[in-house]
Amino acid sequence: METVVHYEDWQMQCCGIPFAVGEPICWPVLRCEGEPLVDVGVGADWYYEAHGSDGDALKSLSGTVTAIRAVYYTYELVEGNPRFWRPVSGILVPVERAAGWEPARPDGSFGAYLVWLKDAVVEDDSGLMGYSIFQ
């Protein structure tokens, strides 16, 4: 099975383990539900979640990374709240390795990765300890 995972920058920066195209992974994930915050032309099936769980919703996802796209967002101020910025558009930039930090770009701010996996297997959470693990 092929699947796509949304992996936020702060999750990787906090305690994620860098990964690259061609490497096997095993991650705690939640099923993506609803519409994406910003349409970048690709929907994610799973959301990487190493900092909490939703009871029985947390799953273990393993597979091999086939592609990584850094997601860069543009933001606008929320009307009536001059301290809150929301993403309004995004672009995808191919990368070979994800470590949580990507170079600045004039057309957006790095905010997440979209990660494609092949041979993906999803299992119930079997004692995941809230961080990324490799097989």
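Two strands pair if DSSP finds at least two bridges between them, and helices (H or I, at least four residues) and strands (E, at least two) are themselves DSSP runs, numbered from the N terminus. With those terms in hand, we can walk through this predicted model, in which local features need pLDDT of at least 70, side-chain atom pairs count only at pLDDT 80 or more, and totals for chains, interfaces and linings use all residues. Residues are numbered from 1 along each chain as its sequence is written, and side-chain values use heavy atoms, with hydrogens and water left out.

Let us begin with confidence. pLDDT is the predictor's confidence in each residue, from 0 to 100. The protein chain has a mean pLDDT of 87, with 88% of its residues at 70 or more. Where pLDDT is low, the predicted coordinates should not be read in detail.

Now for the overall layout. The protein chain holds one helix and eight strands, and from the N terminus on the order is β-α-β-β-β-β-β-β-β. Of the contacts between residues at least 6 apart in sequence, 75% join residues at least 24 apart. Buried residues account for 40% of the 135 residues; here buried means under 20% relative accessible area, exposed means over 50%, and partly exposed lies in between (1.4 Å probe, protein chains only).

β5 and strand β3 (residues 24-31) pair in the antiparallel sense over six bridges, and P24 sits opposite T64 of β5. Strand β8 (residues 109-124) also runs antiparallel to β5, joined to it by 13 bridges. With strand β6 (residues 81-95), β5 makes an antiparallel pairing of 11 bridges. Y72 lets you see two of these pairings at once: this residue stands opposite F110 in β8, and its bridge partner in β6 is I91. β5 and β6 also form a hairpin with two residues between them, and G80 in the turn has a positive phi of about 85 degrees.

Most residues other than glycine have a negative phi, and most peptide bonds are trans. D119, in strand β8, is not a glycine, yet has a positive phi of about 55 degrees. The residue is exposed, with a relative accessible area of 53%.

Next, the charged side chains. A salt bridge is a side-chain nitrogen of Lys or Arg within 4 Å of a carboxyl oxygen of Asp or Glu, and by this rule the count comes to three. In one of them, K59 meets D124, with the closest N and O atoms 2.7 Å apart. This pair links distant parts of the chain, K59 in strand β5 and D124 in strand β8, 65 residues apart. D124 counts as exposed, at 54% relative accessibility. Another salt bridge joins R86 to E76, the closest N and O atoms being 2.8 Å apart. Here R86 belongs to strand β6 and E76 to strand β5, 10 residues apart. Both ends are partly exposed, R86 with a relative accessible area of 36% and E76 at 34%. R105 and D107 make a salt bridge too, with their closest N and O atoms 2.9 Å apart. R105 is partly exposed at 34%, and D107 is partly exposed at 34%.

Two acidic residues are worth a look inside the protein. Lys and Arg count as positive and Asp and Glu as negative, while His and the chain ends are not counted. What joins the side chains of E49 and Q11? A polar contact of 3.5 Å does, a polar contact being a pair of N or O atoms within 3.5 Å; within protein, one must be able to donate a hydrogen and the other to accept it, and residues adjacent in sequence count only if both atoms are side-chain atoms. Beyond its neighbours within four places in sequence, E49 is in contact with Q11, P28, V29, L30 and L58.

D9, placed in helix α1 (residues 9-15), is also buried without a salt bridge, and R105, the nearest side chain of opposite charge, is 14 Å away. Leaving aside neighbours within four places in sequence, D9 is in contact with G100, F110, G111 and A112.

Terms used:
Contact means heavy atoms within 4.5 Å.
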